[in-house]
Amino acid sequence: MNTNPWLDLEPDVELERYELREQPRYQFELDRRDFFRIVGSGIVVCLIVSDDAEAQQRGRGGRGGGGGPAEIGGWLHIAESGEVTVYTGKVEVGQNIRTSLSQAVAEELRLPVASIKLVMADTELTPPDAGTFGSRTTPDMAARLRRVAAAAREVLLDLAAEQSKSDRKTLKLTGGKITDPATGKALTYGELTKGQKLTKTVQADVVTTPVADWKIAGTSAPKVAGTAIVTGQHRFASDIKLPGMLHGKVLRPPTLNAKLVSVDLAAAQARPGVTAVRDGEFVGVAARTVQEAEQALAAIKAQWSTPAEASSTTLFDDLKRTGDAGGAGRGGPGRGGGGSQGSIDAGLAAAHKLAATYTVAYIAHAPLEPRAAVAQWEAGKLTVWTGTQRPFGIQSDLARAFGLPQQSVRVIVPDTGSAYGGKHTNEAATEAARLAKAAGHPVKLVWTREEEFTWAYFRPAGVIEVNAGVSKEGKLTAWDFHNYNSGGSSIRPLYDIPNQRTATHSSQSPLKQGSYRALAATANSFARECHLDDLAHAAGIDPLEFRLGNLSDPRLRAVLVAAAERFGWGKRQPAKGCGFGIAGSSEKGSYVATCAEVEIPPDGGKLRVVRAVTAFECGAIVNPDHLQNQVEGSVMMGLGGALFEAISYVKGRITNANFSGYRVPRFGDLPELETVLVNRPDLPSAGAGETPIIAIAPAIGNAIFQATGTRLRSLPLDVASLKG
Amino acid sequence: MPTTLSVNGREHRLDAQPDRPLLSVLRDDLDLTGAKYGCGEGQCGACTVLIDGRPVRSCITELSECDGKRITTIEGLAKGDDLHPLQSAFLECGAMQCGYCTPGMILSGVALLEKTPEPSRPEIMHALQGNICRCGTYQRIVQAVQQAAAAPKGGVR
């Protein structure tokens, strides 16, 4: 079904491949006339990134060979009015990068955050970008825009020195002005750029402001454009309205893999104002209102052939049965792939052994804004407003689907109603464009909640087999860890284990699966940290002490200790019917540990997570308040996957494709959340939107074990099976 | 038969089908897009508006039920540039990430504060139980409602 390499829908998708797509794929021809046509006079500063510099920066040499084409990684314009506009292909989906990137630029230009305008994710205006995922915005894009802004600052100083005929070294740059202390005369950025058409390109070697000197970055700047959110003025893609716009609906198959045999559009087509389209497997309608579109859709008669399809009751058997022999992970050492050292047999020989199987269910991202798009054709050119993490990928999808050159397609991504890894694709864009083409009017298509739950893609389910050994002294001696289907992120233990083997096995996934916040790090951390907990209990050692006794990695140690201290680990005992659990892990260059307290009422009442304390470290902190917000939100979202989220399907039909059937965390599930931010100004800032989600599930599982003596090894945790 | 809809103090006479969801009429006919579609079954609260001061799921409310009633959407909450205290509190507490649930959250919170000016934490959580924030900012939203409750009165309608 999937012939489009941009669509990440292959059932056996290897998750690390998403990250391989981060590098910009397109060359953006640098033509200064183009810039000034778009933005008017002033100064334009472009950052040139070569494949080499990028590879080096990320510590991943080798890919793509040396000397790749130069590409623009970001650009900035200072207008004659003094207005600063920065252009980036990244998207804002709630992770607050519009704010953090503005802070980075404001810092270098010595301006308030409010003076920076960020144009994001518009394929006509912003530099190409492979997508917003993999926690790369902060380490890559923020670093780039910082260099662009720092270079712009130097250009302004050059101009000021030239215009004031003074010594450049003595000039002072503050608050959007450059002052010559000798004369007291100040020039604003607008005065400096007046009449200029200057372009400057910079490489990766620009010197930026060191963390110790940060005044704007590193502070809790409030969310940029927050007022538009609280007043309802912000237009999400689903809020766009164009003159003459129609509303679209798409006919969906009765089961996930059903094929269209025949279709009769006549009754739909006969309705006033309706355009009905069949194009291959695609069947849809456009009408004046959503309701008229729904009625037209209902009037379509279609016949489908339905193959034998899978049910979730056999999911884990299916994944295990179809699993391949396994590899050491395709990411290679240090990137979360697998590997081996020592001898598992030797390590197990003289040890207390423990083998167990863990499973994780398919879960849905369920972004509150479902897939949505507004498509408009004008003079052979297609413009689509849509919510996606890959604007340039969607542009390619559309160009390919309609046989258009890339430049005839413009994709604009308004700040979007969340994604969590679930909007790498946006099929609504192609569907709306197809309907708009047929109707000769702009078309808006907003997926229903049921469509979003059924026709998007899921976080991979997985089966994880672990066999491990521990010595009488509580030292880990062997670690054999196999992940079927869910992926290799965070699969390598950071613990000191002399004999270890970790491997990923590809399976045939019954459902479409793809990226999800923190990828497989949730599954692998769950299995690892629960298994370690069992080993600690087997060795008769406190779970925190056990971990620290097998762990040299200073960053993971630091967050475990920080979470435990705030929680009061070891200082008090749980009340009857309560339990404490701890877990830690690392992914994408950041470190997390969570301590959880659960309560299981003895009368068979509902399990409750009473308190969760999370320590998180991601290098130098860019915005403490927004970081804390990401940590709290991740823990809350992770609680859903830990306790109740699971997609259920019967013979190719999703049976809980709505919020009444698919339970997500609500206010009533809110524990007391506490966050400890471990700042490391000596380390580069890493992304923070993903990793804080990975420690809550094992922390809860371990707390349940302490409270009940029962080890639950499946996500979601089957708390209904517990007796208090 | 035309329906008369009073939205944010303005009267609208509409020829729309009486069984259309209020959410669709507000968004598509009146271009008041602050109320969001999230589920279409009254389960997520993204479409919440106030009808005569009560929080209502506009996605499962038919236009015919609204004739002559007083509807407040998020667009009508601020008085000019003066934000409602709960809108200000959301900004001050950073009680949002993507912001898609925010209008519905704020209107549900406003309805609570109207009825219970000084709600307890359990009362807040109970009143907002039907509103989903998929980004998980619940703790901050509770704080924002508490902060607005503690704010000097007079702004709350």
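## Helix crossing in chain A

H18(A) and H19(A) cross in a right-handed sense. This is a predicted model. Helix H18 covers residues 624-643 of chain A, and helix H19 covers residues 696-708. Their axes come within 8 Å and cross at roughly 55°. H18(A) and H19(A) are therefore oblique to each other, because an angle of 65 to 115 degrees would be needed for roughly perpendicular and one under 35 for roughly parallel.

Which residues make the contact? From H18(A) come A:Val635, A:Gly638, A:Leu639, A:Gly641 and A:Ala642. From H19(A) come A:Ile696, A:Ala697 and A:Ile700. By class, the contact of H18(A) with H19(A) has 6 nonpolar residues, 2 polar and no charged.

## Domains of chain A

Chain A has three assigned parts: domain 1 (16-230), domain 2 (237-306 + 371-446) and domain 3 (322-363 + 458-721). Where domain 1 of chain A meets domain 3 of chain A, the contact draws 21 residues from domain 1 and 22 residues from domain 3.

On the domain 1 side, the elements giving two or more residues are helix H1 (16-20), helix H4 (97-109) and helix H5 (137-164) of chain A. H5(A) supplies the largest share of this side, 4 residues. Sorted by class, the domain 1 side that touches domain 3 of chain A holds 8 nonpolar, 11 polar and 2 charged residues.

## Local features in chain A

A cis peptide bond links A:Leu715 to A:Pro716, with omega about 0°. A:Pro716 sits in the segment after strand E29 (714-715) of chain A.

A:Ser490 is not a glycine, yet its phi is positive, about 55°. A:Ser490 is in the loop between strand E21 (476-484) and strand E22 (499-505) of chain A. Is A:Ser490 buried or exposed? A:Ser490 is buried, because 23 other C-beta atoms lie within 10 Å and the threshold for buried is 20 or more.

## Surroundings of A:His247

A:His247 belongs to strand E9 (residues 246-250) of chain A. A:His247 has 22 C-beta neighbours inside 10 Å, so it counts as buried.

Which residues does A:His247 touch, leaving aside its neighbours within four places in sequence? They are A:Ala286, A:Ala287, A:Thr289, A:Val290, A:Ala293 and A:Lys444. The C-alpha atom of A:His247 is separated by 48 Å from that of A:Cys595, which is 348 residues apart along the chain.

## Domains of chain B

Chain B divides into domain 1 (3-76) and domain 2 (85-150). The C-alpha centres of these two domains of chain B lie 21 Å apart. Their contact takes 15 residues from domain 1 of chain B and 13 residues from domain 2 of chain B.

On the domain 1 side, strand E3 (48-51) and strand E4 (54-57) of chain B are the elements that give two or more residues. E3(B) gives the most to this side, with 3 residues. The domain 1 side that touches domain 2 of chain B has 8 nonpolar, 5 polar and 2 charged residues.

## The loop between E3 and E4 of chain B

B:Asp52 lies in the loop between E3 and E4 of chain B. Its phi is near 50°, a positive value in a residue other than glycine. B:Asp52 has 12 other C-beta atoms within 10 Å and is exposed, because the exposed class takes residues with 12 or fewer.

## Contact between the chains

How many residues does each chain give to the contact? Chain A gives 47 residues and chain B gives 44 residues. On the side of chain B that touches chain A, helix H1 (22-29), helix H2 (85-93), helix H3 (102-115) and helix H5 (138-150) of chain B each give two or more residues. This side of chain B has 20 nonpolar, 17 polar and 7 charged residues.

H2(B) is one of those helices. The buried residues of H2(B) are B:Pro85, B:Leu86, B:Gln87, B:Ala89, B:Phe90 and B:Cys93. They pack against helix H7 (226-230) of chain A, together with H3 and H5 of chain B. After H2(B) comes B:Gly94, with a positive phi near 55°.

Conventions:
Residues are numbered from 1 along each chain as its sequence is written. Chains are lettered from A and ligands numbered from 1 in the order in which they are written. This is a predicted model: local features need pLDDT of at least 70, side-chain atom pairs count only at pLDDT 80 or more; totals for chains, interfaces and linings use all residues. Two residues are in contact if their C-beta atoms, placed from the backbone, lie within 7 Å. Ala, Val, Leu, Ile, Met, Phe, Trp, Tyr, Cys and Pro count as nonpolar, Asp, Glu, Lys and Arg as charged, and the others, Gly among them, as polar. Domain bounds come from an automatic or database domain assignment. Axes are lines fitted to C-alpha atoms, for helices over the stretch in contact, and angles run from 0 to 180 degrees between N-to-C directions. Angles under 35 degrees count as roughly parallel, over 145 as roughly antiparallel, 65 to 115 as roughly perpendicular and the rest as oblique. A crossing is left-handed if the near helix is turned anticlockwise from the far one by less than a right angle, and right-handed if clockwise.
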